[in-house]
Amino acid sequence: MTEMMRAVEITRPGGPEVLQLTQRPVPQPGHGQVVIRVAYAGVNRPDALQRAGAYDPPPGASDLPGLECSGEVVAVGPGAEDVAVGDKVCALLPGGGYADYVVTPAAHCLPVPQGMSMREAACLPETFFTVWSNVFTRGGLKAGERFLVHGGSSGIGTTAIQLAHAFGARVFATAGSDDKCRACLDLGAERAINYRDEDFVKVMRAEGGADLILDMVGGDYIPRNVKALAEDGRLVQIAFLQGPVVELNFALMMVKRLTLTGSTLRPQSDLAKADIARDLREAVWPLLDAGRVAPVMDSEFDLSEAAAAHARMESSGHIGKIVLKVA
């Protein structure tokens with residue numbers, strides 16, 4: 001390895017233009033960690049929040065953006081298990097993915113699925129860790145249940161639709177255009193709701209209500225979600241694109257025996273993330289190896305074009321995942 005590497009840093013809080021290419025020292029692995037030579041890095045909403053100054057890295061994490069990558073393991077720290085130099089992996093990162101090299105716990109690495117390109121593999125960790133832990137572990141989705149995912153054409157949405165469908169749930173999705181709705185249907189949703197034309201509350205209540213809703217919109221969607229849930233339904237909140245503050249009548253929660261919950265992934269402990277990685281390897285990686293589930297790809301930008309990648313994401317015109325080509 002060289003001593004210095006290219007990296008994209010956040011020069012100050014602001015818009016995409018504050019992302020600038022710079023030189024940084026190559027990170028070294030600590031106990032239980034590995035260093036990955038990055039091939040591709042995924043671009044995600046939390047990266048934009050961090051860039052805007054609204055989502056600080058956890059203690060000890062790199063200040064560079066980038067929460068997932070694919071690449072080759074080039075160094076292994078003491079105590080790192082089940083990963084060796086030369087392994088091709090994709091990995092969940094505490095930060096630092098927008099760079100030639102990144103350090104992460106070995107337990108957060110997963111093998112690149114059979115037949116999958118590095119470009120696709122870079123898009124797996126952030127969305128699959130998030131969807132598995134929120135839809136299946138926290139949300140308890142079961143076969144035959146009615147599952148509604150908002151933002152169905154996003155990276156999270158396209159992953160949630162495919163996994164819920166693969167595990168036998170009835171999948172409904174909201175999206176903001178006819179093209180995005182068609183993409184949701186192609187991935188396994190039985191009904192795609194264009195929120196500009198239809199009220200998802202009416203659609204879901206006509207179906208008997210949603211057993212589980214995965215929401216990243218927040219704002220006035222929260223009371224509408226409560227109305228759209230079936231008795232004993234669950235609402236899992238993972239982001240607040242329209243804001244976290246809302247007036248809510250909690251009487252419906254009591255009458256319908258609802259569960260309102262949520263989580264964020266990045267601040268969780270290394271052990272908790274390792275547990276999610278283990279579950280994914282056992283339950284989901286066989287689906288990826290068999291080609292039954294795959295990331296939906298939107299666009300690719302060079303590492304030096306990180307600002308353009310962020311502008312593409314924040315335009316909300318994308319369907320699926322955006323990646324940075326690093327190697």
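I take helices (H or I, at least four residues) and strands (E, at least two) as DSSP runs, numbered from the N terminus.

**Ground rules.** I am working with a predicted model, where local features need pLDDT of at least 70 and side-chain atom pairs count only at pLDDT 80 or more, while totals for chains, interfaces and linings use all residues. Residues are numbered from 1 along each chain as its sequence is written, and side-chain values use heavy atoms, with hydrogens and water left out.

I looked up the UniProt record, an unreviewed entry, which lists "domain: Enoyl reductase (ER)" at residues 14–324. Such annotations may be inferred rather than shown by experiment, and the positions follow the numbering used here. Over residues 14–324 I find 31% helix and 27% strand, with the end C-alpha atoms 20 Å apart.

**Helix pair.** Next I turned to H3 (residues 125–138) and H4 (residues 155–166), which pack at about 55 degrees with axes 9 Å apart. Axes here are lines fitted to C-alpha atoms over the stretch in contact, and angles run from 0 to 180 degrees between N-to-C directions. H3 and H4 are therefore oblique to each other (under 35 degrees is roughly parallel, over 145 roughly antiparallel, 65 to 115 roughly perpendicular, and the rest oblique). Contact (heavy atoms within 4.5 Å) involves, among others, Phe 128 and Val 131 of H3 and Ile 156 and Leu 163 of H4.

**Arg 234.** I then found Arg 234 in strand S12 (residues 229–237). Is Arg 234 buried or exposed? Arg 234 is buried, at 13% relative accessible area (buried is under 20%, exposed over 50%, partly exposed in between, with a 1.4 Å probe and protein chains only). Beyond neighbours within four places in sequence, the contacts of Arg 234 include Glu 145, Asp 211 and Thr 259.
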